[in-house]
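Hello,

Here is the structure I promised to send over. Have a look first, and then read on for what turned up in it.

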Amino acid sequence: MSKLLEVKDLRVSFNTYNGEVQAVRGVNFELNKGETLAIVGESGSGKSVTTSALMGLLPKPQAMIKTGEILFEGQDIVKKSNKEMQKIRGKDISMVFQDPMSSLNPTMKVGNQIMEGLIKHQHMNRTDAKKKALELLDQVGIPHPDVRLHQYPHQFSGGMRQRVVIAIALACNPKILIADEPTTALDVTIQAQILELMKEIQRESDSAIVFITHDLGVVANVADRVAVMYAGKIIETGTVDDIFYNAKHPYTWGLLGSMPTPDSDDEELFAIPGSPPDMSNPPKGDAFAPRNKFALEIDTVMEPPMFKVSDTHYAATWLLHEDAPKIEPPDSVKKRMQGFARTRGDK
Amino acid sequence: MEMNNKNNIPKELLVPMKQREDTSEEISRPSRTFGQNARRTFFKNKLAVVSLIILVIIILMSAFGPSMNQYGLDDQDLSRAKMPARVPVLENISWLGLDGTLSDNFKGNTVEQATLKGVSRYDNAEEFIDIEVIDEGDGSRNSAEVKATYRIYEAKEMTDQYFWLGTDTLGRDQWTRIWLGTRVSLQIAFYAALISLIIGVAYGGIAGFYGGKVDDVMMRILEVLIGIPNLVIILLMMLVLNPGITSIVIALTITGWTGMARIVRGEVMKQKNQEYVLAARTLGRSNWKIIMKHLLPNISGIIIINTMFTIPDAIFFEAFLSFIGLGITPPEASLGALISTGFKSIMLYPYLLIFPAILISLIMIAFNLIGDGLRDAFDPKMHK
Amino acid sequence: MVRYIGRRVFYMLITLFVIATLSFFLMKMLPGSPLNAEDKLSEEQKAIVLEKYGLNDPVPIQYVKYLGGLVQGDLGISFKFSNYPVTEILLDRMGPSAQLGFQALLVGTILGVLFGLIAAISHNGFLDYTSTIIAVLGTSIPNFVFAALLQIVFAVNLGWFPVALWGEFEHTVLPTIALMIFPMATAARFVRTEMVEVMGSSYITTARAKGISEPAIVFKHGFRNSLIPLITVIGPLAVSMLTGSMVIEQIFAIPGIGEQFVNSVFANDYPTIMGTTLLFAFLFVVIILIIDLLYGLIDPRIRISGGKS
């Protein structure tokens with residue numbers, strides 16, 4: 001597997017009236033060709049900021065990358081100028097946004113919005129671009145593309161709009177497709193359709209996908225690997241199997257435990273109390289400790305490093321230290337992880 | 001990534017944490033009410049604050065300015081007509097133009113001819129006229145030019161008098177008239193804004209709160225009224241009524257409230273369907289309590305902002321009406337009336353126009369900037 | 001769509017009817033008649049004059065006749081110029097007012113849009129503050145103050161343009177500038193606010209994510225979307241030209257409708273006053289209607305949904 005993208009110690013801060021907000025505090029991950037990485041976390045955990053940084057779309061001048069490298073095919077895109085980024089955006093890295101209702105230009109025909117990128121990056125003439133746009137609409141499952149091409153976004157339903165946004169993102173066969181909560185704003189049935197589409201794209205193209213979500217249920221469906229973010233850091237990362245059957249971080253337990261499942265009738269949901277910390281003043285030590293039932297005294301003093309669980313699985317919690325008390329996940333979460341493993345096995 | 005074997009880890013701390021009070025829900029920032037936030041945002045807006053200060057000064061001057069000298073509103077005295085501005089102390093700074101002299105350039109074929117023109121222009125009071133030759137000329141037509149400066153206060157033996165902003169064509173003190181005029185203009189604007197506010201809020205509030213049939217009928221009426229251009233109504237009313245403060249206020253408010261009514265109705269409609277109002281209803285609050293405790297506070301921002309923009313509108317319309325001769329007419333003074341009279345002698349005595357023009361512009365700018373500031377202050381998005 | 005236009009036209013007619021009725025009865029309340037100016041007339045002659053103006057009829061009959069005339073475009077006969085129908089006077093004076101209003105609105109809006117755009121692009125930069133200051137001054141300073149200033153500086157002192165009167169193109173320059181300041185400043189403020197908002201919307205992020213260059217984003221995506229709502233302001237601006245014309249025409253002695261109106265007021269020429277009032281009202285409602293329809297035509301969202309209903 002070849003590394004397509006490597007993020008090293010990325011730190012992003014926002015300057016606000018109330019001082020510096022540290023949205024991303026040292027994130028490391030890598031993305032291989034053709035794989036799907038899901039980044040999971042609550043709102044405010046820094047996952048969207050991370051992807052904006054990947055696209056070079058951080059709002060200026062409020063946001064700034066303090067340290068870190070984002071190596072795309074070996075080149076650091078943090079150092080690239082906006083002009084250079086324009087050549088990468090939409091061509092090598094493209095993005096699908098959360099709210100399809102507002103992410104399309106209301107006064108421009110859908111066809112033109114798809115063709116724009118093609119004309120810019122692939123230097124196509126309008127006829128060729130139009131042909132390609134028709135293909136793309138067909139590919140993302142929009143019926144009557146020849147009619148739809150000449151329509152405006154408001155003539156599309158939410159799900160259809162999201163398909164158009166995906167078509168725009170796919171236009172130039174990007175090497176990386178970033179999907180920022182692409183299903184959150186949609187109805188459940190439509191969500192399933194869009195996820196199905198994403199999986200299809202994953203199968204058919206060789207694009208790597210970064211899938212941002214707060215919904216673990218979605219992750220199990222589409223991802224190869226999962227990174228769990230909390231308070232601007234990745235606190236656990238591993239393959240889908242690692243995370244779903246063998247989660248090590250109490251926060252991941254909480255996420256798994258608060259996921260309603262059909263067979264969860266008798267068991268209680270394992271909820272995470274409290275709310276995420278104020279990132280303008282991040283707590284000392286482990287940011288999750290105040291909400292953590294299993295916190296250790298050391299959590300208030302020192303941040304836990306990434307402990308290796310297996311070759312693919314890492315987690316940042318002192319519980320993994322050899323001298324730490326052995327703590328098992330709560331029963332309900334354990335039962336769940338076993339349940340997931342069972343259903344996975346059935347498939 | 002692997003740091004499992006770091007040695008400097010205080011291993012004695014690898015024990016379960018004693019349960020502490022959960023601090024994650026603690027409020028880490030001082031909480032501010034919406035009003036405090038709004039005030040803070042407003043006072044951070046320098047333009048708005050400066051405008052507010054200027055406006056307060058102007059209002060104070062319109063109250064006390066006229067009694068700061070001995071002249072009255074309609075003290076006509078032709079012997080002291082058209083006196084230029086003269087202010088103690090400042091009269092010694094020549095470029096300010098407050099030294100109580102009139103001066104202009106005169107052209108003629110020769111210096112003598114030009115001088116003669118200047119002297120005859122200034123009451124033939126030769127001994128009080130300083131002539132400064134600008135161009136000797138060569139005898140051809142209008143080639144010579146002189147600057148004549150007329151020390152009119154000395155000529156009229158009024159060196160002990162100071163008309164701070166000069167006098168008008170009838171010898172009335174311009175300082176007194178300007179501040180009294182400002183007072184009238186501001187009064188008209190405040191009354192018009194206040195009445196529009198009361199009618200508009202009541203009408204829009206009732207239509208919005210009751211909805212249904214009541215709203216339907218009231219909105220149909222409003223739609224027709226809004227269709228009537230306010231200019232037309234104001235002009236018609238001014239023709240029928242006798243000129244004066246009351247007439248202008250009536251003319252301005254007769255259609256002026258419709259904008260407020262529409263905004264208030266929209267806002268009430270929006271607010272009354274909010275969950276918090278439903279909650280109050282479910283708890284058995286009376287309509288009156290809901291209006292006073294919930295709706296009014298929540299729409300007060302938009303009402304205040306709208307009023308702040310009604311005031312400069314009213315000031316403009318008063319000035320406009322007075323300018324075309326339908327508003328306040330001399331000897332009464334208002335900013336519009338003063339500008340109107342000033343305009344008539346714009347060529348010879350520009351100061352008669354310039355002072356009221358500056359004042360009305362300042363007032364309009366100040367109100368607009370304060371309005372902008374308030375709009376930002378009441379916009380939660382602007383509270384950083 | 002047809003139903004919508006029909007409804008709007010119906011409202012327009014009601015509004016005009018209300019105004020006509022209101023102005024008719026208000027004028028009836030006023031003292032003064034065509035006789036005031038011509039005192040030394042025999043009873044017989046007076047009767048002839050009154051007959052000519054239809055003032056011998058009872059008021060309700062006069063009212064009906066007046067409305068009947070209105071439908072045919074007959075606004076009655078001027079008191080002051082006793083043989084001139086008001087309609088003819090107004091038509092005579094339409095030219096200068098229309099030219100002035102059109103020039104001012106066109107130039108003002110174009111310049112305003114330009115200023116607004118520049119301000120939005122240099123968001124919070126020097127150019128932004130400059131054009132914001134221009135906009136605040138332009139919306140705050142009354143246009144007649146501005147007109148007087150222009151007249152003193154550019155006509156009296158510098159002599160670049162004629163002081164007043166009408167005829168050549170030079171005559172239109174200063175009044176046009178004075179009249180266009182308000183639409184210019186309003187358009188500038190509006191476009192700036194809209195543009196800043198549009199540039200922060202998610203579809204601009206989508207366009208950026210496509211790798212489109214910044215100028216293309218500003219013009220193809222941002223500008224178009226902020227211009228559409230501008231149409232809603234143009235209506236009120238066009239109407240403000242009517243108010244402006246009265247004072248500006250007065251200041252520059254331009255033989256237009258506004259100046260005519262002010263003169264009629266002083267001459268107690270009621271038929272002309274009523275005629276002008278109705279013309280203003282008519283222009284007002286028609287402009288607003290046209291703007292609303294135009295808005296529907298230009299914005300695809302409204303265009304389509306309007307077409308369905």
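Two residues count as in contact here if their C-beta atoms, placed from the backbone, lie within 7 Å. Please keep in mind that this is a predicted model.

On that basis, chain A first: among its contacts with a separation of 6 or more, 66% are between residues 24 or more positions apart. Chain A has eleven helices and twelve strands. With a radius of gyration of 21 Å, close to the 20 Å that the globule rule gives for 347 residues, chain A is as compact as a globular protein of that length. Its C-alpha atoms fill a box of roughly 65 × 45 × 40 Å along the principal axes, and 46% of the 347 residues of chain A count as buried.

Next, where chain C touches chain A: 19 residues of chain C are in contact with 26 residues of chain A. On the chain C side, α8 (202-209), α9 (214-227) and α13 (300-308) each supply at least two residues. The most comes from α8(C), with seven residues. By class, that side of chain C has seven nonpolar, eight polar and four charged residues.

Finally, a helix pair in chain B. The axes of α5 (residues 174-210) and α6 (residues 212-227) of chain B come within 6 Å and cross at roughly 140°, which makes α5(B) oblique to α6(B). From α5(B), the contact involves Tyr203(B), Ile206(B), Ala207(B), Gly208(B) and Tyr210(B); from α6(B), Gly212(B), Val214(B), Asp215(B), Met218(B) and Met219(B) take part. The residues of this contact divide into seven nonpolar, two polar and one charged.

Best wishes

How values were computed:
Residues are numbered from 1 along each chain as its sequence is written. Chains are lettered from A and ligands numbered from 1 in the order in which they are written. This is a predicted model: local features need pLDDT of at least 70, side-chain atom pairs count only at pLDDT 80 or more; totals for chains, interfaces and linings use all residues. Helices (H or I, at least four residues) and strands (E, at least two) are DSSP runs, numbered from the N terminus. Ala, Val, Leu, Ile, Met, Phe, Trp, Tyr, Cys and Pro count as nonpolar, Asp, Glu, Lys and Arg as charged, and the others, Gly among them, as polar. Axes are lines fitted to C-alpha atoms, for helices over the stretch in contact, and angles run from 0 to 180 degrees between N-to-C directions. Angles under 35 degrees count as roughly parallel, over 145 as roughly antiparallel, 65 to 115 as roughly perpendicular and the rest as oblique. The radius of gyration is taken over C-alpha atoms; the globule rule is 2.2 Å times the number of residues to the power 0.38. A residue is buried if 20 or more other C-beta atoms lie within 10 Å of its own, exposed if 12 or fewer, and partly exposed in between; C-beta atoms are placed from the backbone.
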